[in-house]
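Reader: I have a structure open and want to go through it piece by piece. Can you take my questions as they come?

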Amino acid sequence: MKRRTFVGAAASLPAFSILAAGGARAQSKEIRMIESGGLSGDSIQVGYIDPLKAKTGITVVRESPSSLGRLRALVESGQTSATMFELGSGVVLQAKKLGLIEPIDWAAVNPAAMFPEAKAEYGFGYQYFSTIMAWRAGAKEPKNFTEFFDIKAFPGKRCLPDYPHYCLPFAVQATGVPIDKLFPLDVDTAFKKLDEIKKEVAVWWKAGAQPPQLMKDNEVQYSICWSGRVVGDPAFGLNFAGGKADLSFFGIVKGSKPEDKAAAYKLMHEMSLPENQAKAAGVISYTGPSPDLDALLPKDKLWQFPTSKQNKAVQYFENAEWWAENGEAVNKKWEAFKLSL
Amino acid sequence: MSDIRLEGVSKRYGPVAAADDVDLAVAQGEFVTILGPSGSGKTTLLSLIAGLNRPTAGRIFIGGRDVTDAPAQERNIGLVFQSYALFPHMTVLENVLFPLGVRKIGGAVARSQALDALKLVRLEGLEDRRPSQLSGGQQQRVALARAIVFKPDILLLDEPLGALDRKLREELQVELKQLQRTLGVTTILVTHDQEEALSLSDRIMVLDKGRTQQVAAPAEAYLKPANRFVAEFLGIANFVGLEDGRTGLVRPERVRIGAIGTAAKTARVVEAIYLGQMVRYHLALENGAAGAPMVAAVPFVGRAFATGERVAVSWEAADIWPV
Amino acid sequence: MNRQERSTGFGFVAPLLVLMVVAFNAPIAYMLGLAFWDKGQGFTLEHYQGLLEAPVYLRVLGNTMRIALIATLANVLIGYPLAHWMRGLQNRARLVAIALVVLPFWVSILVRTYSWIVVLGNAGLVNRALQWSGLTEQPVQFLYNELGVTIGMANVLLPFLVLPLFAAMIRIDDRLLQAAASLGAPPRTIFWKVYFPLTLPALAAGTLLVFILCLGFYITPAILGGGRVPMISNLLDTLINQIPRWEQASAISTILLVVSLLIFAAYRRLDRTASL
């Protein structure tokens, strides 16, 4: 196939340029990143890009959205303009498997102290976000997922994520499995639990903006949704118990120029500093990977953040490896389940 | 017994009367032409008879039955439009079969009736064509076949030949007349073409501004028009002053021309137009009503008068019709 | 147009054609090819085999077809009378009606989709009116089911059906209908034998367009369907961005494309027979 040869040839060009650049410590004055957009993008600007610019003069241009499809198209077409790419924890593994990202040179990043799961071989975990239970203010408040899935004791319409990896572990918890015993995930039990309540699930959401809006409109009363969408709004009650802590990563796009990578590592260094993470958390209530961050955050708001001590202890951390291995098989079951609705 | 009768029929659109208190009686098998300039209300009158429109006043009878409020479907009328109005998605045969199908006539009977009708309008062999594959004249024949195939009580023709060129129009006029005579169907034709009206009809009805001006046989209407409008609308009219102060009409064919001295009145030839067997002279009278224009149409026999030549002009008193 | 003129014309169009092929067709061919070529293995049919072994994806495809069919039917049931009604309007009223039909074109699909929640939601205008008038006790579930998806898709796609239909209808000469009446046809016969056949090509083209657009719908089913109405484009999103199995996605896309082309071919064939 001609197209493939073309892609192959293009991919070999950057390899050549790496050799040519040799040991020169050149560093680009401008690099591009592709991130997920929205408030999260603004927090990157305020927390990390602006301080980097002030210190080094390096400009970082942001683009969005960031999907795996886009990364794959980027790399396979031999394009090297974007250096940093935002990826979910599962996607990092997939991108690594597909050869779309490069290992991080942690020595070059030279980060401040970080939670270990954020310091991955192929990705810099820059932002924790939680998937938690939330409800319309005034609804009876569940304390755990067993209660959340109990539609008799806690009547009301539910809004659950239309993604198996955001949905199934909570269903397993509802059967009494503690958060440290979730994986390997008992998929069949999870589906059985979902079958029990599927009549009460009004909406399976695709976009994170849906659950808070639906609760406000009183279309549903209970949701499993992203913490950042509901914290701090008196219209909602929420509980981190049994929630899922997950990380968004930045990876280095395969074939990036060394001088661009050098600049990207500088930005990652900025991302590791707790004072910068505190600035970012002022924009969005998702937090960076520094264990020392709590001290820099307003005391009265600690309950809102995924990584504050009180919240981090009651959540489980996403098991991306398990999903990487089982994701496709689970998805087929998921589609079959959706067809049964 | 009259086959179609209009009694005081009016159709008003706001303050405008498209038909104003019209009376008409058409006999069984008669060919009547409604003639008038555009906007005279002739098409309105036809659509009232066809039932496509309801009159605001008056009654309409067909075959003795009051059909004033009957829809078009129930009048058993064959209608032919200037625009043909053939169904473009049907073949020629399907078009002609349509009114039969509506009357629950099907199968071989319908087919042979339809083919007969097509034969009558000389369209054999074109049954399977679509209207778009036919010439204008052929399309109008299909429309005609479609309008007669179900043996309508009445045939209504709305400027059926108006979209055709002159030669074809004349050919079809002859065919139309023959067809009407063969079928013996009561026919009303609407046209603004006075030659067509005069050559085809048993009687003509001249219409102006929604009002009847005259109903008469073609020759009578031509030579003895009821008023000045009819006189001028039907062919060329010469008006002459009469001794009693009234105005008289002399048709160009009744004006005689000779060498100077053969008659008392003289005129100068302004224009001489050769029309084959006839020559038409546009004259300017010299004595009497000096300078008044006059048209004379005389048979062409050997010598014609030239432009600018002076001629003697005369007419018989019997050829004058006071209007 | 003679041959020389034609080839000159081609010269002008050629750059555009090249652009189309390179920018548009080549990536599609590449995407579709993914299902047949495996890295290092050459030609393979295993991804299609995979589809047959896991018929759930085919069932999603079947479900998509079914929903598309229902939405298209709903569109026809609303659109045909609407276009016919517009034909009978006076000039000014007609302009207003056309503007109202076309208006949704100018509103973002997201805004339109969310406004349906305002209208048809549990606390929406319709339900409040129903409960206020005492017709219903509980809110009627208009949204987050196939009904919601059908309403949403019909709304978004209505102009695609109404505009060509309306254009065809105003081209029908009133005298054709009068001729049919004078030939003795009752109104019902005039409609079915004359009027309807003359609008049929436009109806078929509009219906086809709407159906094919329905097949690829993404936002409306996701939001108004409440995720309860699995559609093929949502599945493709999962297969491309979440899992990712581009080869599988490519195989499904190929089937979708082939189905669309088959429907189109059937339409062309019908159209040609009709116009002969």
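Author: What follows is a short exchange on confidence, contacts and domains in this predicted model.

Reader: Confidence first. What is the mean pLDDT of chain C?

Author: Chain C has a mean pLDDT of 85, and 94% of its residues reach 70 or more.

Reader: And what ipTM and pTM does the predictor give the complex?

Author: The ipTM is 0.82 and the pTM is 0.78.

Reader: Now the contact between chain C and chain A. How many residues does each chain put in?

Author: Chain C contributes 26 residues and chain A contributes 24 residues.

Reader: Switching to domains. How is chain A divided?

Author: Chain A has domain 1 (2-128 + 247-312) and domain 2 (131-246 + 315-339). Their C-alpha centres lie 29 Å apart. The contact between them takes 15 residues from domain 1 of chain A and 16 residues from domain 2 of chain A.

Reader: Which helix gives the largest share on the domain 1 side?

Author: Helix 4 of chain A, with five residues.

Reader: And chain B, what are its domains?

Author: Chain B is assigned domain 1 (2-229) and domain 2 (236-322), with C-alpha centres 39 Å apart.

Technical notes. Residues are numbered from 1 along each chain as its sequence is written. Chains are lettered from A and ligands numbered from 1 in the order in which they are written. This is a predicted model: local features need pLDDT of at least 70, side-chain atom pairs count only at pLDDT 80 or more; totals for chains, interfaces and linings use all residues. pLDDT is the predictor's confidence in each residue, from 0 to 100. Two residues are in contact if their C-beta atoms, placed from the backbone, lie within 7 Å. Domain bounds come from an automatic or database domain assignment. Helices (H or I, at least four residues) and strands (E, at least two) are DSSP runs, numbered from the N terminus.
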